[in-house]
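Keep the sequence and the structure open while you read.

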Amino acid sequence: MTVTEDAPAATKEVGKDRRRKEDQRLITGRTKWTDNIQLTGMLHAAMVRSPFAHARITSIDTSEAKAAPNVVAVLTGADLGEGQGVCINAWPITPDQKAPNHLPMPSDRVAFAGEIVAVVIARSAAEARDAAELVDVDYDELPAALDLREAAEDKVLAHPDLGTNKSALWVFDSGQAGTGGDVEEAITKARSDGIVIEREFRQQRLIPAFMEPRSVVVDPTGEQVTMWSATQIPHILRFALAATTGVPESKIRVIAPDVGGGFGGKLQTTPEEWIIWAVARRLGKPVKYTETRSESLMSGHHGRDQWQKLTMAATKDGTLTGFKVELLADLGAYVAIVGGGVPVLGAFMFNAIYKIPAYHFACQTVLTNKTWTDAYRGAGRPEATFGVERMMDELAAELGMDPLELREKNWIKHEEFPFTTVAGLEYDSGNYEAATDKAKEIFGYDELRAEQQRRRDSNDPVQLGIGISTFTEMCGLAPSRVLGSLDYGAGGWEHASVRMLATGTVEVVTGASPHGQGHETAWSQIVADRLGVPFENVEVLHGDTQISHRGLDTYGSRSLVVGGEALIKAADKVVEKARPIAAHLLEASVDDLEFKDGTFNVKGTDKGMGITEVALATFAAHNLPDGVEPSLDSDATYDPVNFSFPHGTHLCAVEIDTETGGLKMRKYTCVDDIGNIVNPLIVAGQVHGGLVQGIAQALWEEAVHDDAGTLVSASFVDYLVPTAADTISFDVAHTTSPSLTNTLGTKGVGEAGTIASTPAVVNAVVDAIRHFGVTDVRMPCTPERIYKAIHARDGGAPTEGAAAAHFDAQDTADRTDGAS
Amino acid sequence: MTRINLTVDGDTYSDDVEPRMLLVHYLRERLGKTGTVVGCDTSNCGACTVHLDGHSVKSCNVLAVQADGSEVTTIEGLATDGELHPMQAAFHECHALQCGYCTPGMIMQAIDVLNDNPKPSEEEIRVGLEGNLCRCTGYHNIVRAVQVASGQEPKPASLEGSAS
């Protein structure tokens, strides 16, 4: 279905690689970041944070800090009391989910290292920071629940009052749901006459690491209290402030100005926002708080962190018969806003693109005394895609089949769409064969396989590995009825307004609040086509709840497929409101008008009138048909009917030096089917950035805690966000199966690269060294881990002798005193 | 307090500053040069990169007093008479930015890379930008922009190969 047939001039702007409107201010330094805001009389905050993972607060002495120069106030949790509100969990995944009360600033007990115990307010940020050092907090250290598996056994309790660390067990079973067979039967049968693969994989803990540290300013002066925040979710933030602090929603204005990246990390309502809200209202002065990078890495929410126990059953010819998924997911110290819902999103994606007759998914969420976890780019789907794509490679290796051939044998064929999966979702469109064929060709799959064989045969110290990931994902969050059935606390609709200004320009208001994606450009392209106005004449407004009063913000690759559809519906309403006015002014019947390229034409004549002329006439309102309101402005709220299901084939080649464990990425090719494309430039950018975040999980990044629960990777010295020197250029291409569930036929792309790339890389690593008996390398696949995996069987024999061969004896002779 | 005199983006300034004040804080808070931003506290991210007497420095790693008598150029001083600097234009043309937070520092560093080596290889560009982190772009289009700015790649009509 090419759904653009009814769209006026649909080929003009949509599909063009327009350079972004956003860039001008960003490349000249005229950007409005939250930390740039200075208000008259503004005060500055610094936080005092717990150095302990779990401790009772026995006393807090603020006297010295209060006496420091230009300190205005030092406040503790006891000072703020209940007025500080509470941090919410919007998605209790089961009715009996156990969740500790999450105060922004607790007064009695801290549950992770980095939790705030006091806030210092001073006239400058430096004075606040200096005084924060003077706050004297006494703690009684408590045993901390740190290791996920041990925490699941309740050996040490993260929150003693709850009596257990186990928060919720969420189960989906295809036999019970009626979407498939009984997985235990399938596994039992495969054990006798088929093949069963069992693996345990670790999804390490990651940190979103957006480049702009979080910052919040609250101005309590004026009729509405205004909060500026570096957030992805101004609308949800406003709702949550109203719901938990007793201030009517109508008295709250939230503004997300320019926001420097989020990746899920700013999809949160934070203790820092709540504390500054409370403090500014208490002091009656505007207050700003900007976190340091160390604070950001320590106390901004983390992502992933799962153990995956996977059991895959198949017949001996490689036909999948069942897949059982058992997850342990680390929530950290609190159940965050989405919290346990993140791993649960994976429930619908472990079956991926495959026809699996029987499926079971169980996720146990667990509380620990570490930073709380929540959405990080992909949120549940990268974990699922990693699990299933790693298993497909393991099954192929066990069967001695080419891993692509095994996948093709089991995937949904293009003529089988729409296809209802064993997890109960209906995939509307896709063509896995086409994407794979194109990827193989661009990648040079057969040639690289041949080279791999040559290196194997010659026992080359540098081995080549080829990794595959044929992924799909569900995005465009989300149909409200589905969210309701999962007990999520809100809907999944999106809102847009189109305002026709008298002077010919068009203002578009979107509820999807961007933070780097390029909505201003893409939305302008869509509206330019829909209304037949110039791209340059469209202005896109967002991120301020007094301008964009309705919205559910940006995450889950939802903006275009949900927010874009709302925009189309609003623009179409403008045309319908303009039609009777144009007919009246043209002295024609409404039925005789056709709207094309921005003009209402009277059929069969050369009479016509541009929509901007109609807008001006409507503004003047001197001559309108009886009973017609003098406005073309229109709103629409759109609730998606289904998710969107982008898919693709990613191929990765790595070279591994078996003597050192060193890894070099040689080539990365991805062919993504994201339906019709509004702006190929923006799409390429989303794919590139997504790829690197997924590759970074595979190779470099990990949030590491020591035995005391201190985050030791709490700066960019130790948390290895990749640099330009670590990465390569990518081959990015597309195939196109338009989505059938939105007008433009688009699918989400924001998370696709991250979801697909991690297993492609790890599969390549394992493929390079499988002949050493390696079946897994835990992420991040560091040279050390790769080296140890290669030498696991020979015990990692010392290599000094091998190294010595490279040096002359005279150069290595010990000439220190007394050596001879 | 120490008195400093310096030129920033072509204008002269004379200020009393605390000896501990970082150049980046001086630029942002005293001069309102908020185009230069802070991204970390360990001098890893490079978001605060400016030019000090013609060479790139991380302005979080320079004290304001060290800039006394110097000439500082920030992202806000690059465009002349409304004309973008070729590196700014290349970043726009090649879609080498998304959220834009790292962009000022990345552009300042990229200019420095070309000042040292006008025709760098891809590898040399990547190593030259190693001290500047970007979380959005995956660096692919940043490298491309530097190649375009160095005149080694024709200005792309579209980024073909990136979306076919």
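The contact draws 50 residues from chain A and 49 residues from chain B; two residues are in contact if their C-beta atoms, placed from the backbone, lie within 7 Å. This is a predicted model: local features need pLDDT of at least 70, side-chain atom pairs count only at pLDDT 80 or more, and totals for chains, interfaces and linings use all residues. Residues are numbered from 1 along each chain as its sequence is written, with chains lettered from A and ligands numbered from 1 in the order in which they are written.

**Side of chain B that touches chain A**
- Elements of chain B giving two or more residues to this side are α2 (86-93), α3 (103-116), α4 (122-128) and α5 (140-149).
- Helices are DSSP runs (H or I, at least four residues), numbered from the N terminus.
- This side has 6 charged, 20 polar and 23 nonpolar residues.
- Ala, Val, Leu, Ile, Met, Phe, Trp, Tyr, Cys and Pro count as nonpolar, Asp, Glu, Lys and Arg as charged, and the others, Gly among them, as polar.

**Packing of α2(B) and α3(B)**
- The axes of α2(B) and α3(B) lie 10 Å apart, at an angle of about 125 degrees.
- α2(B) is therefore oblique to α3(B) (under 35 degrees is roughly parallel, over 145 roughly antiparallel, 65 to 115 roughly perpendicular, the rest oblique).
- Axes are lines fitted to C-alpha atoms, for helices over the stretch in contact, and angles run from 0 to 180 degrees between N-to-C directions.
- From α2(B), Met87(B), Gln88(B) and Phe91(B) meet Thr103(B), Ile107(B), Ala110(B) and Ile111(B) of α3(B).
- This contact has 5 nonpolar, 2 polar and no charged residues.
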